[in-house]
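I opened this entry to record what I looked up, going from the whole chain down to one residue.

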Amino acid sequence: MQALPKVSPEARRQAKAEAALAAAGVPLDFAAVAKVLRQGLAPGLDAKLADRFDRPTAVRAVSTRVAALSAALIALGVRRGGVCIVPALASFATLQGVVAAGLRPWLVDVDPCSWMFDPAHLRERLGEAPPPIEAIVPTCAFGRAPDMNAWAAFQRETGLPIVVDATDGFDVIMDAPVPVVVGLPGGRGVFVASQDADFIARLDAPAFTGDAGLDGWSGQRLRLATAAQRLRMLLLGAPISFQPGWGMSWVSDAWVVRVSPGAAPVVAAKLAEMGYATNPVGPGIVIRDHTPVADRLAKSVLSLPFHADLGITELDELAEAVRKAL
């Protein structure tokens, strides 16, 4: 009797990946599957993170946000001394990552509703940016998802390298048609994800070590969402507006709200007197385009203290402090 041919471990992995995709109803992109398999993902953190994506995606866990963003830009081939376009509400850490890659940030205004910039607005402003433009870094507005497919289309249109900084977006980033930096739910470290496994293989950044928080994410997410909805109830009728969907369709530990126009600095000062420190929101001190929307938002948006372990009493006290400050 003729012996059956031996099946290599790589072939078994490929068959298993293809079967899982077929069972999920995902159209097979065999080239993408092969790229992921060639990366040689071991059953560790990177593989667990890759499993959360709908399409074949390569992932690398990195020690810090700044290191991940700068390494991603360098891996995309940006030339030092060039300009990187970022939204005017980008955080200081985002700007640090851009500078660490040898680029100069140029801030562009944001949409008044999403608090992010979009390709349509950016297309109009590219001609105003100081040359040479080397990259674009869209951001995830305090956990709210950007339109990843729109940025992928814009990358194909312009040919410019794009890296999305979605550090607060662990709950919303499920697709990586362009490289994206996402924070780990444990509160330390980030990961870089991309459907281009060759790009991830080129990434030169210090690896994350420690507890990523994946095992506890479901419980943490439930506590965050419960606390967020309690705050919504406690602040009903207050002159304050939450980010659309926060605590209901998505959640992050960034509690960012809009107050009356121009009132943010006064409200922040009153909260500080009651022992609640707020995080600054607004354009950085770097070269920038005209940013009237971001300038107004900087005086009307507050980033407030919030985390999954806030108890009922603490939430009540926090809501009362916000009401008094308003």
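**Whole chain**

I began with the secondary structure: the protein chain has 12 helices and 10 strands. I noted that the model is a predicted one. Next I looked up burial, and 49% of the 326 residues count as buried. The accessible surface of the chain is about 15500 Å². Carbon and sulfur atoms hold 56% of that surface. I then turned to contacts with a separation of 6 or more, and 67% of them join residues 24 or more positions apart.

Strands of a sheet pair through backbone hydrogen bonds. I found 2 bridges between S8 and S9 (residues 255–258). Phenylalanine 242 has valine 257 in S9 as its bridge partner.

**Arginine 232**

I located arginine 232 in helix H9, which covers residues 217–234. Which side chain of opposite charge is nearest to arginine 232? I found that it is aspartate 171, 12 Å away. Arginine 232 is buried and has no salt bridge, because a salt bridge needs the charged atoms within 4 Å. Leaving aside neighbours within four places in sequence, I listed the contacts of arginine 232 as Phe242, Gln243, Gly245, Trp246 and Met248. Phe242 in that list is the residue I had already noted as the bridge partner of valine 257.

Methods:
Residues numbered from 1 in each chain as written. Predicted model: local features only at pLDDT ≥ 70, side-chain atom pairs only at ≥ 80, totals over all residues. Heavy atoms only, no water. Pairing = 2+ DSSP bridges. Helix = DSSP H or I, 4+ residues; strand = E, 2+ residues; numbered from the N terminus. Buried < 20%, exposed > 50% of the residue type's maximum accessible area, 1.4 Å probe, protein only. Lys, Arg positive; Asp, Glu negative; His and termini not counted. Contact = heavy atoms within 4.5 Å. Areas by Shrake-Rupley, 256 points an atom, 1.4 Å probe, with all protein chains shown as cover.
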